[in-house]
Amino acid sequence: VNHHILHASTQGVMGGTLSGIFVLYDDGGGGPGIANLGDEWFTVGARQKGKMGGLDYRVEFYHQFGDACGDACGTYAYTTETDGSSVDRDAQLFGIRVGKTFKNAQWSPTVTLWYDLLTGTDDADVTAGDYSTFDTIQDTGHKFYGFMDLYLARNGGKEGRLGLQDFAIKTKMSPKPGWLLKADWHQFWTDIDLGDNPVTAALDISGAGAPGVLTNWSNDLGNELDLTLVHKYNSNAKVVFGYSHYWNSALFSALNPAQKQAGAASNAPGDDADWAYVMIDTKF
């Protein structure tokens, strides 16, 4: 597998930096269910980041096109999947973030509103021979979609390739010198309703019946809260305390049965999840 990347940026655009990227993903091997079939597909897009009117902002958009199925969609019922060129990749990512720092307020808080949309694949795409689940390529999902790393799968594993929407409110403040407190809240949805992709329903929702028959499935994947406290011990060391909680949903549990209690009904949410850590970061 080879990645060929072209990246360019220029400053002074709308109070910030405009950057563009072009990526060729060249997979010379096969994939699940499709022997000896490789992929050649492309990602092209741009990001604008800067300050305007006292606000920090970032807007970005990326489009993916080319071949699909070499490593992504062998489990789908594409009638033409034996011919790789007939399964086309057509996916997008859109993201926007707007934040403001209140320097004259106590603790100088910063509040950021965040929304990302990664497209998914519905039954109309499958019928048309299109694969529309956005691939995050070299993924670092926890940096963007919650510290509990539930959405690290680069080609949509945790959301059943239905795509992902993430609306987040991120805050940070300094209660005293040398201390930084952060709180991030995420609401996750799929991009595609489960009922619009019967293939995923058949694969992942065992015993639940067709969507809308036994269960009124929503596209709610759940919520996550990430709390982080950073103490700068000295110029070379800092201590980081973290705690995260995930409020589960029926859809997330059904799409990820291994992450819920055995015997639980497929149309009922599993238990919530908690995670905590302490980290010491030292520079030499």
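The secondary structure of the protein chain comes to three helices and twelve strands, taken as DSSP runs (H or I over at least four residues for helices, E over at least two for strands) and numbered from the N terminus. This is a predicted model, so to speak, in which local features need pLDDT of at least 70 and side-chain atom pairs count only at pLDDT 80 or more, while totals for chains, interfaces and linings use all residues. Residues are numbered from 1 along each chain as its sequence is written, and side-chain values use heavy atoms, with hydrogens and water left out.

On confidence, pLDDT (the predictor's own score for each residue, from 0 to 100) has a mean of 81 over the protein chain, and 78% of the residues reach 70 or more. Contacts here are heavy atoms within 4.5 Å. Where pLDDT is low, predicted coordinates should not be read in detail.

As for the fold overall, 60% of the contacts between residues at least 6 apart in sequence join residues at least 24 apart. Of the 284 residues in the protein chain, 41% are buried, where buried means under 20% relative accessible area, exposed over 50%, and partly exposed in between (1.4 Å probe, protein chains only).

Next come the salt bridges, each a side-chain nitrogen of Lys or Arg within 4 Å of a carboxyl oxygen of Asp or Glu. The whole structure has four of them. One pairs Arg97 with Glu60, at 2.6 Å from N to O. That pair ties together distant parts of the chain, with Arg97 in strand β5 and Glu60 in strand β4 (residues 55-67), 37 residues apart. Arg97 counts as buried because its relative accessible area is 6%, and Glu60 does so at 10%. Shared partners join Arg58, Glu60, Arg97 and Asp116 into one network of salt bridges. Within it, Glu60 also meets Arg58, at 4.0 Å from N to O, and Arg58 is buried too, like Glu60. Elsewhere, Asp56 and Lys51 meet in a salt bridge of 2.3 Å, N to O. Here Asp56 is partly exposed, because its relative accessible area is 29%, whereas Lys51, at 57%, counts as exposed.

Ser108 sits in the loop between β5 (88-101) and β6 (110-118). With 35% relative accessibility, Ser108 is partly exposed. Beyond its neighbours within four places in sequence, Ser108 touches Thr101, Phe102, Lys103, Lys172 and Met173. Lys172 is 64 residues away from Ser108 along the chain, yet their C-alpha atoms are 8.5 Å apart.

The search for cavities ran on a 1 Å grid over the protein atoms alone, a cavity being a set of points where a 1.4 Å probe fits but cannot get out, and lining residues having an atom within 4 Å of a point. Grid points are joined across faces, edges and corners, and volume is the space filled by probe spheres set on the points. One cavity of 30 Å³ or more turns up in the whole structure. The largest cavity holds about 100 Å³ of space. Its lining has 15 residues, with Leu118, Thr136, Ala153, Glu159 and Leu164 nearest the centre. By class, six lining residues are nonpolar, six polar and three charged, with Ala, Val, Leu, Ile, Met, Phe, Trp, Tyr, Cys and Pro counted as nonpolar, Asp, Glu, Lys and Arg as charged, and the others, Gly among them, as polar.

How values were computed
On a 1 Å grid over the protein atoms alone, a cavity is a set of points where a 1.4 Å probe fits but cannot get out, and a pocket is an open set with protein on both sides within 12 Å along at least five of seven lines; lining residues have an atom within 4 Å of a point.
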